[in-house]
Amino acid sequence: MLEDNAYEIGEALIAHNIVAKEEFEEAMNSSEESGVSFVDILIENFNVDKNDIYNTIAELYNVPYVDLSEYVSDPKVIELISEDLARKYTVFPVFKIGNVLTVSMSDPTDIVAIDQIRLNSEVEVEPCLSSKKDILESINKNYRATDAMQGIVDSIGDTSLGSFFTAGDTAESPVTKLVNVIIKQAVMDRASDIHIEPEEDFLRIRFRIDGILYEIPQLPKHLQSSIISRVKVISSLDIAETRIPQDGHFKMNIDNKEMDARISTVPTVFGENVVIRLLNPANILMQLEDLGFTEDSLVKFEKMISLPYGIILTTGPTGSGKTTTLYATLNRVNSIEKNVITIEDPVEYKIGLVRQIPVNIKTGVTFANGLRAILRQDPDIVMVGEVRDTETAEISVQAALTGHLVFSTLHTNDASGALTRLVNMGVEPFLISSSVVGVIAQRLVRKICEFCKEPYTPSPAAVKKWGLTAKDGGKVTLYKGTGCPECRGTGYKGRIGIYEVLEIDDGIRKMIIEGTPSHEIKNYAVKERGLKVLGVDGIQKVLSGITTLEEVSRVTETKTVEKKEAPQAKAKEGGKDLIQPVRAVSRTVNVDEYQKKLAAWIGRK
């Protein structure tokens with residue numbers, strides 16, 4: 001193990017000016033306390049370049065260093081080492097020349113591992129050095145469904161199948177089996193999307209798991225047209241049309257569970273690109289308590305959705321869980337006494353009692369036209385999939401002002417940004433202040449795998465950088481996943497939301513009418529309403545052992561977070577303020593003029 005030669009490695013790193021002596025000593029102290037490798041601590045807490053460290057270590061071991069994160073694997077070489085052996089010894093086959101197999105190892109001095117690989121593979125073994133994290137990720141990416149897929153590919157052979165129909169459209173068709181194996185493996189791996197991506201010489205398959213894309217073994221180029229045709233057939237798409245994008249859907253029974261899938265195809269220079277969105281029925285059953293709201297944020301949100309009328313907006317980038325939050329909200333407010341109608345693009349999950357309308361541009365059913373029709377259906381609660389234009393925004397405002405509760409989404413970075421986005425779309429500020437009752441911003445972070453979760457003590461530099469404090473004022477303890485078969489070596493399994501819940505009060509309404517910038521609205525909400533911004537909510541989940549600092553940083557782009565007890569305090573030693581100082585508002589509002597303006601607008605509508 002690297003730790004056995006830690007001080008020898010440290011001397012070399014210091015001699016090469018890669019780390020300072022103080023940094024190495026601090027990393028060693030943290031490693032002894034937490035059990036985390038001193039190399040990982042140097043990389044994560046001191047921003048030391050990974051390649052510089054491993055190149056230095058490789059020199060000491062007199063072996064080459066291979067950065068697996070930049071390496072394209074060969075499926076034929078991967079077959080030489082079983083997945084069980086690769087995981088047991090943390091090794092990964094890189095390439096084979098003659099009878100010599102080069103194997104990446106986290107510990108190139110492990111003679112037992114080298115002997116076992118030699119015996120099982122019947123080849124000579126040449127070790128090289130790679131990081132443990134990169135090896136586990138490579139195992140994770142490349143051993144998925146390898147055996148089942150390879151068996152089917154071998155049975156097909158190297159010759160082209162020609163058209164899809166010559167391969168047959170039965171359950172016994174090799175192509176049918178291959179597509180089924182890919183989809184089943186994706187479901188088993190909890191993937192949300194399957195990407196089928198043609199390259200010049202092969203067909204790339206990737207799964208999106210917990211928001212991150214992972215590659216599975218590549219397929220031969222000659223299977224491309226047959227695989228894509230099979231997907232198009234089960235999705236009721238035109239297999240003869242390859243020049244224009246197409247959308248479709250299909251249902252499949254996986255392990256006695258019916259799985260819905262949405263298909264999108266687009267033409268590319270190397271053939272049609274296909275993305276299959278797998279719709280997990282479990283998402284429709286999720287309750288608000290399951291999403292990741294803290295207790296105080298959930299109380300605020302439940303207060304909003306219990307109001308008889310008004311607009312509640314959910315904001316965040318694509319893939320941040322907005323749809324799941326909206327469906328969980330509909331589950332909470334849905335009842336036999338209320339008429340709930342939605343317009344969505346597309347309808348992803350079906351909910352009992354709820355009238356769900358799909359957007360259909362070909363027939364003229366847009367968000368705006370559909371929303372107009374909905375308002376003639378005597379609704380109590382309306383859900384609009386997304387506010388995309390001024391017309392939809394104004395009709396949503398009208399619906400809220402005439403006694404309806406409206407849920408919708410916007411693409412903004414934070415909660416206060418949704419208010420200025422509506423203004424920029426052309427909606428009058430006085431209408432926004434009168435109709436919007438709350439906004440939530442959200443992101444999804446990966447949860448630490450419970451099967452390989454281990455505690456560690458962050459370095460003083462990380463504590464200072466992130467403003468971390470323990471609840472009891474003692475030593476801060478964080479958690480991370482070390483990687484195991486359950487999480488496929490990633491250290492993460494599942495996702496949870498981090499939230500920013502903004503309640504609209506009289507002070508914010510006044511600021512909206514006055515055209516106050518969004519960052520000033522946020523400052524006011526933090527100071528006067530106790531708004532917990534995304535970064536702060538994320539850090540609370542880090543301290544609770546739910547996720548990691550790296551995940552919060554990845555999704556919020558927040559490098560410094562203020563302490564809970566001083567939400568506007570500066571981070572020390574040159575850190576930036578997360579929340580800017582609140583500037584005094586000097587403008588005034590003519591209330592009578594505002595009321596007249598609002599009454600006149602409602603009268604026109």
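**View 1. Contacts of Leu422 in the predicted model**.

**View 2. The largest nonpolar core**. This core has 48 residues. Leu419, Leu422, Val436, Leu502 and Ile508 touch the most other members. Helix H16, residues 390-401, gives the most to the core, with five residues. In soluble globular proteins, nonpolar side chains tend to be buried together.

**View 3. A second, separate core**. It holds 32 residues. Ile216, Phe250, Met252 and Leu278 are among them.

**View 4. An open sheet of seven strands**. The order is S12-S11-S13-S14-S10-S15-S18, and the pairing is mixed. Strands S12 (355-358) and S18 (492-503) stand at the edges. Each has a single partner strand, so one side of each is left without a neighbour in the sheet. From one strand to the next, the twist averages 20°.

**View 5. Pairing of S15 with S18**. Strand S15 spans residues 436-448. S15 and S18 run antiparallel and pair over 10 bridges. Val439 has Leu502 of S18 as its bridge partner.

**View 6. Helix H14 on the sheet**. H14 covers residues 322-333. The helix touches S10 (310-315), S11 (340-344), S12, S13 (381-384), S14 (405-410), S15 and S18. Its direction makes about 170° with that of S14.

**View 7. Cys449 and Cys452**. Cys449 has 0% relative accessibility and therefore counts as buried. Cys452, at 6%, counts as buried too. The structure holds zero disulfides.

Definitions and conventions:
Residues are numbered from 1 along each chain as its sequence is written. This is a predicted model: local features need pLDDT of at least 70, side-chain atom pairs count only at pLDDT 80 or more; totals for chains, interfaces and linings use all residues. Side-chain values use heavy atoms; hydrogens and water are left out. Two strands pair if DSSP finds at least two bridges between them. Helices (H or I, at least four residues) and strands (E, at least two) are DSSP runs, numbered from the N terminus. Axes are lines fitted to C-alpha atoms, for helices over the stretch in contact, and angles run from 0 to 180 degrees between N-to-C directions. Contact means heavy atoms within 4.5 Å. A disulfide is a pair of cysteine sulfur atoms within 2.5 Å. Buried means under 20% relative accessible area, exposed over 50%, partly exposed in between (1.4 Å probe, protein chains only). A nonpolar core is a set of buried Ala, Val, Leu, Ile, Met, Phe, Trp, Tyr and Cys residues joined through side-chain atoms within 4.5 Å. Lists of a residue's contacts leave out its neighbours within four places in sequence.
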